[in-house]
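Here is a short report on one protein chain. Look over the sequence and the model first, then read on.

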Amino acid sequence: CSNSSCLNTVVEEFGSIIYQACLYSMPTKKTSKHNVPWWSTEIGCARKRLNASRRRFQRCKNPIVRELYRNKYLYYRKDYNQMLTDAKTDSWKKFLLTIDAQNVWKKVYTYGVKREFMKKIEITGIKLPTEETTSSLDETINAVLQKSFPSDSEANDNNFQKDYRKAAYTGYSSFFDPSFSCDEVRGKNVIDSLWNQKFF
């Protein structure tokens, strides 16, 4: 093609086709929304360096060079673990500085319970006796509670239930009931079967 503008157009169209093909065929990398607060770029680089040194050590066949790679790997691993410990400690100290008497439980709930709970909970709608379906978590919980613990209205009691309710509200008065004697209990081998330590 002797025309430069035509050549540029062809190149741009060809590049666009390749780009669209990549979008449809290759999954895009998504960043996690739940990154730990103590992670940093330095820790990520140290982790890559540690993994590279471990692979180099494991793939080496020469025993002399392998020993050198092993020592290097152990050094990087110790350094990486120390970086993790320091980062977690510093992050925890910074977190404690943000807590006061007003937001102590709010912080714990936000950073711990809420995240784990919202990741695990998946409640769909349930069908109600009216053939309708709940559309939210609150409606589902209320429906389950109403089904499990229905309201106990006295207006719907029959005569038998009214008598039981009245007896439940009435104070219970019992006559003098003497305790069991040792002979009565020994007749069933209860005391004899106990350890001696139980009597002290």
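The chain holds seven helices and zero strands. Its pattern along the sequence reads α-α-α-α-α-α-α. Keep in mind that this is a predicted model.

**The chain as a whole**

How much of the chain counts as buried? Of its 200 residues, the share is 10%. The accessible surface comes to about 18,500 Å². Carbon and sulfur atoms own 57% of that surface.

**Helix H2**

Helix H2 covers residues 41-59, which is 19 residues. From its first C-alpha to its last, H2 reaches 27 Å. That is close to the 27 Å expected at 1.5 Å a residue.

Which residues of H2 are buried? They are Ile43, Gly44, Ala46, Leu50, Ser53 and Phe57. Helix H3 (63-97) is included in what covers these buried residues.

**Helix H6**

Helix H6 runs over residues 159-169 and is hardly covered. Among its 11 residues, the count of buried ones is one. Look also at the start of H6. There, a side-chain oxygen of Asn158 comes to within 3.3 Å of the backbone nitrogen of Phe160.

**A residue in a loop**

Glu131 sits in the loop between helix H4 (104-120) and helix H5 (137-148). Its phi is positive, about 70°, although Glu131 is not a glycine. Is Glu131 buried or exposed? Glu131 counts as exposed, because its relative accessibility is 60% and the cut-off for exposed is over 50%.

**Cysteines**

How many disulfides are there? The count comes to zero. To count, a pair of cysteine sulfur atoms must lie within 2.5 Å.

| Residue | Relative accessibility | State |
|---|---|---|
| Glu131 | 60% | exposed |

**To sum up**

The chain has seven helices and zero strands, and 10% of its residues count as buried. H2 has buried residues, including Leu50 and Phe57. H6 is hardly covered.

How values were computed
Residues are numbered from 1 along each chain as its sequence is written. This is a predicted model: local features need pLDDT of at least 70, side-chain atom pairs count only at pLDDT 80 or more; totals for chains, interfaces and linings use all residues. Side-chain values use heavy atoms; hydrogens and water are left out. Buried means under 20% relative accessible area, exposed over 50%, partly exposed in between (1.4 Å probe, protein chains only). Helices (H or I, at least four residues) and strands (E, at least two) are DSSP runs, numbered from the N terminus. A polar contact is a pair of N or O atoms within 3.5 Å; within protein, one must be able to donate a hydrogen and the other to accept it, and residues adjacent in sequence count only if both atoms are side-chain atoms. The expected span of a helix is 1.5 Å times one less than its number of residues. Contact means heavy atoms within 4.5 Å. Accessible areas come from the Shrake-Rupley method with a 1.4 Å probe; for residues, only the protein chains shown count as cover.
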